[in-house]
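Please keep the sequence and the model in view while reading.

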2 protein chains.
Amino acid sequence: MTDLLTESVFTWGAPPMKYGPGAVDEIGFDVSRLGVRRVLVLTDPRIAATGLAARVGEALKAAGVDHALYDQVHCEPTDDSLRAAVAAATELAGAEDFDGFVAVGGGSVIDTAKAVNLLSTSGGDLMDYVNKPVGGGQAPRKPTKPLIAVPTTAGTGSESTPVCVLDILGLKVKSGISHPSLRPALAVVDPLVTLSLPAAVTAASGMDIVCHALESYTARPYTSFLRHAAEARVAYNGSNPVSDTWAEKSLALIARSFRRAVLVGTDLGARSDMMLAATFAGMGFGNAGVHIPHACAYPIAGMVRDYRPAGYDAEEAMVPHGQSVSLTAPAAFRFTFPTDPERHVRAASLLSGGAPTDAAPADRLPEALVALMRDIGIPSGVAAVGFGSDDVDALVEGTLKQQRLLNVAPREVTAEDLAGIFRSSLENW
Amino acid sequence: MTDLLTESVFTWGAPPMKYGPGAVDEIGFDVSRLGVRRVLVLTDPRIAATGLAARVGEALKAAGVDHALYDQVHCEPTDDSLRAAVAAATELAGAEDFDGFVAVGGGSVIDTAKAVNLLSTSGGDLMDYVNKPVGGGQAPRKPTKPLIAVPTTAGTGSESTPVCVLDILGLKVKSGISHPSLRPALAVVDPLVTLSLPAAVTAASGMDIVCHALESYTARPYTSFLRHAAEARVAYNGSNPVSDTWAEKSLALIARSFRRAVLVGTDLGARSDMMLAATFAGMGFGNAGVHIPHACAYPIAGMVRDYRPAGYDAEEAMVPHGQSVSLTAPAAFRFTFPTDPERHVRAASLLSGGAPTDAAPADRLPEALVALMRDIGIPSGVAAVGFGSDDVDALVEGTLKQQRLLNVAPREVTAEDLAGIFRSSLENW
């Protein structure tokens with residue numbers, strides 16, 4: 001088969017999962033079953049204030065697992081914040097290394113734990129492992145230790161993926177570290193921990209799920225890449241029958257419960273669906289990849305001026321990740337529609353719960369997205385988070401740096417195409 | 001949450017997968033990436049004769065991985081055959097232990113490799129690890145080594161599961177060993193290796209997939225069990241949203257391609273769908289469980305007299321696993337129908353590719369199964385493989401020993417219920 005010009009093979013992986021209300025109370029048992037006796041628990045100040053990290057600590061103690069707590073994870077990790085976390089972990093470890101990690105938080109916490117795990121086992125500098133061409137793209141030098149991920153938002157799906165995303169401050173660019181050994185050893189997914197999330201956070205995090213599902217579902221099919229050598233296979237395969245399954249199921253759950261989770265935050269059924277939707281989408285996009293909306297999100301977040309989202313206690317200007325990924329999604333999926341009309345129509349139908357529509361096929365997915373975003377209070381477009389026509393060139397330039405993502409788009413994306421997408425996205429309604 | 005009377009938590013796991021035509025040619029890279037340098041390749045005489053195990057050996061050698069070959073795996077493993085495989089592995093290893101295993105074959109080969117992996121790492125006797133009450137039900141004493149599974153039939157899904165099934169000859173009972181550490185480290189799923197399977201083997205193996213999907217889909221819901229303590233969680237959770245997803249997708253692939261795979265064995269599209277269907281069903285039932293049809297299959301296979309299936313080179317009387325699981329399926333699903341009519345109707349619709357039907361809801365799944373079984377040449381019932389009304393009591397007695405499976409049935413199953421199922425299954429058409 002080695003003489004095939006195009007790809008015939010894809011890879012897929014996901015961590016074992018324990019799911020359900022009350023799952024987090026069993027974490028002492030699960031950590032000790034992995035042979036771990038001394039862990040570092042990582043969290044951020046907001047989660048620490050809820051008492052959840054302390055509860056996890058108590059459960060570990062009850063199971064005879066020794067632990068230390070690092071509760072200063074930075075929201076949206078940077079190279080500086082990751083180095084600080086690694087230094088703190090080294091200091092907290094003292095003479096004896098930790099033999100495992102527990103991440104209690106959203107994507108920022110789980111990604112920080114991945115980086116701390118990698119660097120405290122393999123050594124070297126952070127940039128050695130960051131994806132090329134930004135970093136050295138090296139593989140870990142030693143096996144990582146078990147990382148148990150306890151997501152506290154229904155959003156990033158980082159508990160399922162082998163990727164850590166970070167801002168490189170000096171270069172003003174967002175990049176990542178991707179390697180199968182970064183994948184958590186176990187995902188403990190407990191919808192009870194999301195009951196108190198504010199509506200604005202539920203809305204933005206949920207749009208991240210929507211984009212993961214839609215982008216992986218519409219990603220370039222794995223069979224359309226040139227054939228890879230075994231050693232040159234990439235983390236992002238393109239869409240495939242396994243990621244399609246997860247994406248479809250995730251969209252159906254979103255259709256059923258996303259609006260309700262925002263409007264009635266204490267509805268455990270809706271929260272449970274959203275938690276599953278996030279994990280399912282992670283199991284899909286973590287293997288298939290994401291493309292244009294995520295690539296556009298990087299400069300939208302990175303170039304923020306003074307936007308402060310309602311419902312977030314942001315100490316500095318920021319565009320929440322789930323907002324930044326969704327603002328260009330309607331235009332992006334109008335742009336990708338011709339590559340597979342049937343698939344876009346099906347995605348629209350799933351996202352709208354099969355609602356009947358008279359819209360032209362190309363309009364259906366953008367319209368379903370806009371209807372959802374309006375209902376849950378997402379900003380109306382790139383203009384609403386502080387950008388104007390004059391910023392389009394800079395936004396395009398920042399997006400073009402994300403070639404690893406744009407490579408998974410189902411058609412070639414030029415600077416002009418991106419400028420069109422950003423201009424159409426200034427106001428989605 | 002510990003005061004909840006019923007279960008709210010389920011667990012799920014599946015191995016990483018490399019899928020597609022040509023995947024097996026990359027096995028040298030994949031084995032060495034797992035840090036394995038010296039492996040035992042296990043296969044059976046039939047596969048060895050096709051040259052596939054030798055091809056795997058060449059690929060390992062080219063990647064600098066040392067290997068030995070054990071090609072005497074017994075079809076339908078027994079305690080004796082597993083002990084023989086363990087002894088052979090010890091002898092082939094010599095002074096230095098193998099640091100990994102590659103199983104090239106159907107469920108028998110993959111299950112044998114699981115047992116060899118367990119016993120050559122943990123020591124002790126086979127019966128120490130066999131599920132209670134037949135065996136000691138002990139957990140492995142040491143970590144297992146990486147096992148890479150290369151399935152050569154689209155059927156058992158053993159490449160996805162943490163279970164090894166065996167006949168205990170002295171006790172005339174079938175049992176198993178279940179532990180997460182038995183799960184393969186990687187499944188290499190290559191539909192090209194199934195192109196030459198005879199139609200009868202394709203048909204029987206495929207019915208195993210159908211039963212995995214239907215039994216896990218109709219299994220008792222995880223939420224209907226009494227709440228487990230963390231340390232008392234079982235491998236078979238009951239049906240849950242993750243196993244449902246895999247089962248539904250598997251049934252859709254079966255509907256699209258099973259008949260074609262039997263009738264036109266060289267159709268790579270159909271073979272690819274069946275290979276995915278088998279792996280998907282394994283990812284589902286390996287966590288949810290199977291129930292009545294699989295429980296009934298154990299005595300049907302164990303009590304065989306002189307049935308020799310057409311299309312198999314059987315040296316002794318035997319009922320292929322895929323035949324034995326399907327013969328009681330129509331009656332079993334008529335019996336389970338009242339527990340969840342909507343789910344049974346949906347399963348029938350998926351299995352029949354959405355074909356319109358005037359049948360009463362309770363008849364739809366039995367009718368869809370019978371239509372499929374007739375089309376692909378499965379025996380017409382328990383009578384066609386050599387049993388009569390006089391055997392029903394003994395078959396019921398044998399089935400009742402499979403409490404681990406019957407426990408996952410969606411309603412209580414009495415001896416009288418089973419007698420009714422067997423009597424209805426003497427002739428399905």
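## Basis of the model

This is a predicted model, in which local features need pLDDT of at least 70, side-chain atom pairs count only at pLDDT 80 or more, and totals for chains, interfaces and linings use all residues. Residues are numbered from 1 along each chain as its sequence is written, chains are lettered from A and ligands numbered from 1 in the order in which they are written, and side-chain values use heavy atoms, with hydrogens and water left out.

## The sheet that begins with β1 of chain A

Seven strands form an open, mixed sheet in the order β1(A)-β2(B)-β9(B)-β6(B)-β5(B)-β3(B)-β4(B). Strands (E, at least two residues) and helices (H or I, at least four) are DSSP runs numbered from the N terminus, and two strands pair if DSSP finds at least two bridges between them. At the edges stand β1 (10-12) of chain A and β4 (66-70) of chain B; each has a single partner strand, so one side of each is left without a neighbour in the sheet. Neighbouring strands are turned by 20° against each other on average, direction ignored.

Strand β9(B) pairs in the parallel sense with β2(B) over 3 bridges and with β6(B), also in the parallel sense, over 2 bridges. B:Ala187 of β9(B) is the bridge partner of B:Met17, and B:Ala149 also stands opposite B:Ala187. From β9(B), B:Leu186 and B:Val188 point one way, while B:Ala187 and B:Val189 point the other way; all are buried, a term that means under 20% relative accessible area, with exposed over 50% and partly exposed in between (1.4 Å probe, protein chains only). Helix α9 (residues 268-288) of chain B lies across β1 of chain A and β2, β6 and β9 of chain B, running at about 165° to β2(B). Such angles run from 0 to 180 degrees between N-to-C directions, and axes are lines fitted to C-alpha atoms, for helices over the stretch in contact.

## The sheet that begins with β4 of chain A

Another open sheet of 7 strands with mixed pairing has the order β4(A)-β3(A)-β5(A)-β6(A)-β9(A)-β2(A)-β1(B). Its edges are β4 (66-70) of chain A and β1 (10-12) of chain B, each with a single partner strand, so one side of each has no neighbour in the sheet. The twist averages 20° from one strand to the next.

Strand β3 (residues 38-42) of chain A pairs with β4(A) in the parallel sense over 5 bridges, and A:Leu40 stands opposite A:Ala68 in β4(A). Helix α5 (residues 107-122) of chain A packs on this sheet and touches β3, β5 and β6 of chain A; its direction makes about 165° with that of β5(A).

## A helix pair in chain B

The axes of α15 (residues 392-400) and α17 (residues 415-424) of chain B come within 9 Å and cross at roughly 125°. The two helices are therefore oblique to each other; angles under 35 degrees count as roughly parallel, over 145 as roughly antiparallel, 65 to 115 as roughly perpendicular and the rest as oblique. Among the residues making the contact are B:Leu395 of α15(B) and B:Phe422 of α17(B), where contact means heavy atoms within 4.5 Å.

## A buried serine in chain A

A:Ser425 is found in the segment after α17 (415-424) of chain A. With 0% relative accessibility, A:Ser425 counts as buried. Its C-alpha atom is separated by 5.5 Å from that of A:Gly381, 44 residues apart along the chain. Not counting residues up to four places away in sequence, A:Ser425 touches A:Leu327, A:Thr328, A:Ala331, A:Gly381 and A:Val382.
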